[in-house]
Amino acid sequence: MKELRHQKLHTEFNINPYKKLHILTDKPNSNITYKKEEEDPAFVQAIHMARLKPTKKYSHPQTEAQEIGWLSSPLIVSDRSDRRLNFPRQNSEITKYMDAAWRLKEQTQNLG
């Protein structure tokens, strides 16, 4: 009796938009045809909002861990012609020789 007094009947159900939904197809020989139902625009919006990146969902970081990569754009524009900040790879005779030796070694290992 006590259980029946506090029992509530829930008739509205929603799918959790934050979990992946795996849809299984029917068997190839089944004759069951399903009627096409209208999409719920609020549910579709909730699914799209759940799949957005955190920077697009929120205006500022929600946790301490999100603060680390929140502003991922570079602070200054990189200029490849500026020798102070750009150190391109330079090859000498020894590095060219070792490059060729490593390439040859990889090719022989892949063939043999």
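Here are some notes on the model, point by point.

1. Ground rules. This is a predicted model, in which local features need pLDDT of at least 70 and side-chain atom pairs count only at pLDDT 80 or more, while totals for chains, interfaces and linings use all residues. Residues are numbered from 1 along each chain as its sequence is written, and side-chain values use heavy atoms, with hydrogens and water left out.

2. Confidence. pLDDT is the predictor's confidence in each residue, on a scale from 0 to 100. The protein chain averages 85, and 99% of its residues reach 70 or more. As for what an element is here, helices (H or I, at least four residues) and strands (E, at least two) are DSSP runs, numbered from the N terminus.

3. Salt bridges. How many salt bridges does a search of the whole structure find? It finds two, where a salt bridge is a side-chain nitrogen of Lys or Arg within 4 Å of a carboxyl oxygen of Asp or Glu. One joins Asp 82 to Arg 84, with the closest N and O atoms 3.1 Å apart. The other is between the side chains of Arg 89 and Asp 99, at 3.8 Å from N to O. Arg 89 sits in the loop between α4 and α5 while Asp 99 belongs to helix α5, so this pair ties together parts that are ten residues apart in sequence.

4. Asp 82 is buried because its value is 16%, whereas Arg 84 is exposed at 68%. In the other pair, Arg 89 is exposed at 71% and Asp 99 is partly exposed at 29%.

5. Asp 82 is in the loop between α4 (64-67) and α5. Its side chain also makes a polar contact with the side chain of Arg 84, at 3.1 Å. For that term, take a pair of N or O atoms within 3.5 Å; within protein, one must be able to donate a hydrogen and the other to accept it, and residues adjacent in sequence count only if both atoms are side-chain atoms. Asn 86 is found in the loop between α4 and α5 as well, and Asn 86 counts as buried because its relative accessibility is 16%. A polar atom of the Asn 86 side chain lies 2.8 Å from the backbone oxygen of Arg 80. Setting aside neighbours within four places in sequence, Asn 86 is in contact (heavy atoms within 4.5 Å) with Asp 79 and Arg 80.

6. Around α3. Lys 57 is in helix α3, residues 54-57, and is partly exposed at 25% relative accessibility. Which backbone oxygen does the side chain of Lys 57 reach? That of Ala 50, at 3.4 Å. Neighbours within four places aside, Lys 57 has contacts with Met 49, Ala 50 and Leu 52.

7. Ser 59. This residue is in the loop between α3 and α4 and is exposed at 67% relative accessibility. The Ser 59 side chain makes a polar contact with the side chain of His 60, at 3.2 Å. From Ser 59 to Asp 99, 40 residues apart along the chain, the C-alpha separation is 48 Å.

8. Lys 20. Look for Lys 20 in the loop between α1 (2-5) and α2 (41-50). Lys 20 is exposed, with a relative accessible area of 69%. Its C-alpha is 10.0 Å from that of Ile 47, which is 27 residues away along the chain.

9. A nonpolar patch. Ile 94, Tyr 97, Met 98 and Trp 102 form a nonpolar patch on the surface, with about 500 Å² of accessible area together. Patches are made of residues with over 30% relative accessible area and no salt bridge, with like charges joined within 9 Å and nonpolar side chains (Val, Leu, Ile, Met, Phe, Trp, Tyr) within 5 Å. The areas come from the Shrake-Rupley method with a 1.4 Å probe, and for residues only the protein chains shown count as cover. Trp 102 lies in helix α5, residues 93-111, and counts as partly exposed at 48% relative accessibility.

Definitions and conventions:
Buried < 20%, exposed > 50% of the residue type's maximum accessible area, 1.4 Å probe, protein only.
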